[in-house]
Amino acid sequence: MPNTDLFNTYAEFAEFIAPKLAEISAERTVLERKIKRTIKRYYTKYDQVTATFLKCLYAAGPVMTRYAEITKEFNHIKLEIIKSKLKYGMVTPEEAAPIRVAEAKHVSVSSVLGGITTRKSRDTYLCPLHAETSGSLKVYKNNSWYCFGCCQGGDTIDLVMKYYNLPFNKAVEWLT
Ligand SMILES: [Zn+2]
């Protein structure tokens, strides 16, 4: 997320956000150094690509988790500000739309499915869009879904549109 955009849009929160951004970039710098060192060490020592890869993932784990947490927190704050600005007529619905759409896509498909149908295994559900008993709907790691029974799929917004029979903008509102 480009810092300048963030501060232009949410100037009132710049004071709060700036230290957090600094924190993230410091952590990312440390992470990059760690990964480079690890790659160098493993390549010269063992020349094992898999070992290097696993080691890098291991090094990246804690920092990336923290990064994801902070990003999520930012997105939440951004949405709350947009909602308040909308309420007081400080932004038009058109200006607020992209961030609401992004936030809606971010809501997990599993959480929506959890409220409307039965889970059959870790990543399969009874499809709420057609009558079945086997569990043809699969949820993927990138937060998309596909039903092999009725051949429908998409992202979180698509699911809400199809299940509740809503137009795009109403589905976004429902999710945010
Ligand atoms: Zn289906």
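Predicted model: local features only at pLDDT ≥ 70, side-chain atom pairs only at ≥ 80, totals over all residues.
Me: How many helices and strands are in the chain?
Reply: There are seven helices and four strands. Helices are DSSP runs of H or I with at least four residues, strands are runs of E with at least two, and both are numbered from the N terminus. Along the sequence the pattern reads α-α-α-α-α-β-β-β-β-α-α.

Me: How do you know that strand 1 pairs with strand 2?
Reply: Two strands pair if DSSP finds at least two bridges between them. Two bridges join strand 1 to strand 2 (residues 137-139), so they pair. These strands run antiparallel. T124 has K138 in strand 2 as its bridge partner.

Me: What makes strand 1 and strand 4 edge strands?
Reply: The four strands form an open, antiparallel sheet in the order 1-2-3-4. Strand 1 (124-125) and strand 4 (152-154) each pair on one side only.

Me: Why is D155 called partly exposed?
Reply: A residue is buried if 20 or more other C-beta atoms lie within 10 Å of its own, exposed if 12 or fewer, and partly exposed in between; C-beta atoms are placed from the backbone. D155 has 17 such neighbours, so it counts as partly exposed. The place of D155 is in the loop between strand 4 and helix 6 (156-164).

Me: What is D155 in contact with, leaving aside its neighbours within four places in sequence?
Reply: D155 is in contact with K105, N143 and S144. Contact means that two C-beta atoms, placed from the backbone, lie within 7 Å.

Me: Why does C151 count as exposed?
Reply: C151 has 9 other C-beta atoms within 10 Å, so it is exposed. C151 is in the loop between strand 3 and strand 4. Its phi is near 55°, a positive value in a residue other than glycine.

Me: Is N165 buried or exposed?
Reply: N165 is exposed, because it has 9 C-beta neighbours inside 10 Å. N165 sits in the loop between helix 6 and helix 7. N165 also has a positive phi, about 55°, although it is not a glycine.

Me: Why is helix 6 called roughly perpendicular to helix 7?
Reply: The axes of helix 6 and helix 7 (residues 168-175) come within 9 Å and cross at roughly 110°. Axes are lines fitted to C-alpha atoms, for helices over the stretch in contact, and angles run from 0 to 180 degrees between N-to-C directions. Under 35 degrees is roughly parallel, over 145 roughly antiparallel, 65 to 115 roughly perpendicular, and the rest oblique. So helix 6 is roughly perpendicular to helix 7.

Me: Which residues of helix 6 and helix 7 meet?
Reply: T156, I157, V160, M161 and Y164 in helix 6 meet F168, A171, V172, W174 and L175 in helix 7.

Me: Which residues touch the most other members of the largest nonpolar core?
Reply: V109 and Y125 do, in a core of 16 residues. A nonpolar core is a set of buried Ala, Val, Leu, Ile, Met, Phe, Trp, Tyr and Cys residues joined through C-beta atoms within 7 Å. Helix 5 (109-116), strand 2, strand 3 (145-147), helix 6 and helix 7 each give two or more residues to this core.

Key. Residues numbered from 1 in each chain as written.
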